[in-house]
Amino acid sequence: MPTVDESVSQAIDVFHLPSGVDVSDYEIYEVATSDGVKRLRYPRLDGSKVTSLAKQLVDVRNRTLAAMSVNDILDIVADAAQLWADPDFELRRQAELLIPAITGYEPDMVRIELKRYMRQFRRRELLRFLDSEIGQPSMLDEFRPNKAGGYSKYVGPALTYQVFSSNVPGIPVWSMAMTLLVKGAILGKSSFSEPVMPAFFARSIAMVNSDLADAIAVVPWKGGSQQLEDSAIDVADAVIVYGSSQTTKLIAGKVAGSKPCLGYGAKVGLAFIGREALRPDTYADTVHRVAVDIATYDQQSCLAPQTVFVETDGALTPREVAQLLGGELENQQRKYPRSVLSDAENVAIQRARTDAEMRALMGGKAAVFASGHSTAWSVLYRELDGSGADEDVASLMSPLNRTVNVVAVPDLLDAARRLTSCRGWLQSCGVAVDSTRLFGLADTLAEVGVNRICPLGEMDRAKSGWHHDGGFNLIDLLRAVDVERGSDAYSDSFDMDME
């Protein structure tokens with residue numbers, strides 16, 4: 001495959017195919033970057049080519065990947081990730097140029113967040129993840145003694161079809177690494193809204209170990225290309241889908257019941273701020289942390305907060321917190337300007353602002369703190385309904401793009417209990433409470449469907465090994481094979497020398 005070349009005349013490949021794949025038909029499109037116009041290239045595929053490609057991936061997997069030890073695979077993935085620690089690494093430089101141009105995210109934000117994200121794939125992090133999710137990672141290699149007195153081995157899918165989302169750069173790297181650790185080949189469909197990182201990560205693996213890279217294919221194609229999608233689903237042993245709730249449900253409906261299908265659709269992130277986090281010596285850091293969580297990738301991640309519950313009776317009132325949060329978001333805007341929005345996105349924010357202003361005019365305890373002459377940031381303040389009624393999902397959601405609800409509550413536990421009807425939509429929750437209240441609040445949040453609780457300021461930075469949407473990263477892709485207790489002793493009975 002051609003190497004990355006900064007010359008405008010040389011197309012940059014935003015795909016990865018195993019060596020030996022014959023492709024002669026390409027599409028090229030242009031992207032205006034800070035370093036001039038870049039031409040991006042990807043191959044045209046049809047259903048038969050997808051089927052043929054899948055067969056080659058499985059053949060490579062059976063010949064090479066299946067025979068590798070999980071420790072060897074882990075080392076290759078970690079070494080590939082380590083390449084990204086070097087600011088002069090060619091693929092990193094190209095990614096830092098292309099991703100802001102394609103997504104609209106601020107270049108410094110992309111540079112910092114990508115570097116932080118790739119640290120999750122360092123060897124020590126992967127080792128910790130493997131050991132926490134699989135008690136005996138060596139069961140991926142061979143039959144090992146189990147607690148029942150027999151032996152067990154884990155077998156992963158030979159081929160996984162993966163649909164990557166585009167909202168947060170780098171996310172596909174996670175599912176790619178997890179699939180490789182369970183010795184599965186990857187057929188990945190990347191998004192034209194961000195085709196760079198999955199392809200470039202595959203190419204960095206090729207720099208470390210070409211055999212492992214030959215078990216990976218990453219190609220962008222337009223969503224809704226039914227022939228390509230149906231062919232990929234048909235040949236795969238498992239499917240992983242990132243995207244909107246509509247996308248994940250649509251694809252899941254096409255997957256046979258016997259195949260694992262992990263769908264990661266849209267979720268709502270929340271934050272809970274206790275009065276102790278609003279003391280004179282703590283409030284500034286607390287508000288700054290919330291602003292960072294909101295500004296990072298413009299809330300496009302499912303992890304980002306859309307609603308912040310703020311407890312009353314602190315040194316600052318919740319309304320004052322909302323006002324200060326607006327100031328912090330203005331600081332974030334100066335540091336990391338928000339991406340340029342479509343007309344529809346701007347209209348959605350203006351509508352949310354207008355609705356909040358109307359509540360205030362009609363006597364509701366509400367207010368709007370917003371950037372002037374733009375939709376760069378919006379803080380929509382209200383007080384929790386005193387009727388005791390549950391919150392609904394619509395009241396928690398925002399138009400994103402640095403638009404957040406701030407809700408004043410007398411008690412955080414009571415606010416958490418009112419989220420019961422939102423179960424299935426909740427995922428991450430940033431909290432700022434003292435240690436005597438942390439686990440009580442966590443228990444309540446767990447009951448209403450939250451599956452990740454973290455410090456404020458770290459909502460967009462899930463730790464290696466977190467249980468995405470409450471599931472398992474590896475176990476949900478595996479099937480266990482058991483040799484039951486007594487099988488080995490019975491086999492020994494056929495040894496003539498033992499008679």
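Contact here means heavy atoms within 4.5 Å. The model is a predicted one, and in it α9 spans residues 226–235, with L228, E229, S231, A232 and I233 buried.

Next come pairs of helices. Two packed helices are described by the angle between their axes and the distance between the axes. Take α2 (residues 70–83) and α6 (residues 171–181): their axes come within 9 Å and cross at roughly 155°. Angles over 145 degrees count as roughly antiparallel, so α2 is roughly antiparallel to α6. The crossing of this pair, α2 and α6, is right-handed. On the α2 side the meeting residues are V70, I73, L74 and V77, and on the α6 side they are A177, L180 and L181. Sorted by class, this contact of α2 with α6 has 7 nonpolar residues, no polar ones and no charged ones. An α-helix has 3.6 residues a turn, so residues three or four places apart point the same way.

The pair α3 and α4 has its own geometry. Helix α4 covers residues 107–118, and it packs against α3 at an angle of about 135°, with the axes 9 Å apart. These two helices, α3 and α4, are therefore oblique to each other. As for handedness, α3 passes α4 in a right-handed crossing. From α3, the residues R92, E96, I99 and P100 take part, and they meet P107, V110, R111, L114 and K115 in α4. How do the residues of the contact of α3 with α4 divide by class? They split into 5 nonpolar, no polar and 4 charged.

R92 has its place in helix α3, and so does E96, in the helix that runs over residues 90–103. R92 is buried, with a relative accessible area of 6%. E96 has a relative accessible area of 19%; buried means under 20%, so E96 counts as buried. The side chains of E96 and R92 are joined by a polar contact of 2.7 Å. Leaving aside neighbours within four places in sequence, R92 is in contact with W84, A85, D86, P87, R111 and K115. R92 and I453, meanwhile, are 361 residues apart in sequence and 31 Å apart in space, C-alpha to C-alpha.

Over in helix α12 (residues 318–335) sits L324. This leucine, L324, is partly exposed, with a relative accessible area of 37%. Neighbours within four places in sequence aside, L324 is in contact with Y283, V287 and L316. Between L324 and R351 there are 23 Å in space, C-alpha to C-alpha, and the two are 27 residues apart in sequence.

Finally, there are two loop residues to look at. H373 lies in the loop between β13 (366–370) and β14 (378–383). Phi of H373 is near 65°, a positive value in a residue other than glycine. D469, in the loop between β17 (452–455) and β18 (479–483), has a positive phi of about 55° although it is not a glycine. Is each of these exposed or partly exposed? H373 is exposed, with a relative accessible area of 90%, while D469 is partly exposed, at 22%.

Technical notes:
Residues are numbered from 1 along each chain as its sequence is written. This is a predicted model: local features need pLDDT of at least 70, side-chain atom pairs count only at pLDDT 80 or more; totals for chains, interfaces and linings use all residues. Side-chain values use heavy atoms; hydrogens and water are left out. Helices (H or I, at least four residues) and strands (E, at least two) are DSSP runs, numbered from the N terminus. Buried means under 20% relative accessible area, exposed over 50%, partly exposed in between (1.4 Å probe, protein chains only). A polar contact is a pair of N or O atoms within 3.5 Å; within protein, one must be able to donate a hydrogen and the other to accept it, and residues adjacent in sequence count only if both atoms are side-chain atoms. Axes are lines fitted to C-alpha atoms, for helices over the stretch in contact, and angles run from 0 to 180 degrees between N-to-C directions. Angles under 35 degrees count as roughly parallel, over 145 as roughly antiparallel, 65 to 115 as roughly perpendicular and the rest as oblique. A crossing is left-handed if the near helix is turned anticlockwise from the far one by less than a right angle, and right-handed if clockwise. Ala, Val, Leu, Ile, Met, Phe, Trp, Tyr, Cys and Pro count as nonpolar, Asp, Glu, Lys and Arg as charged, and the others, Gly among them, as polar.
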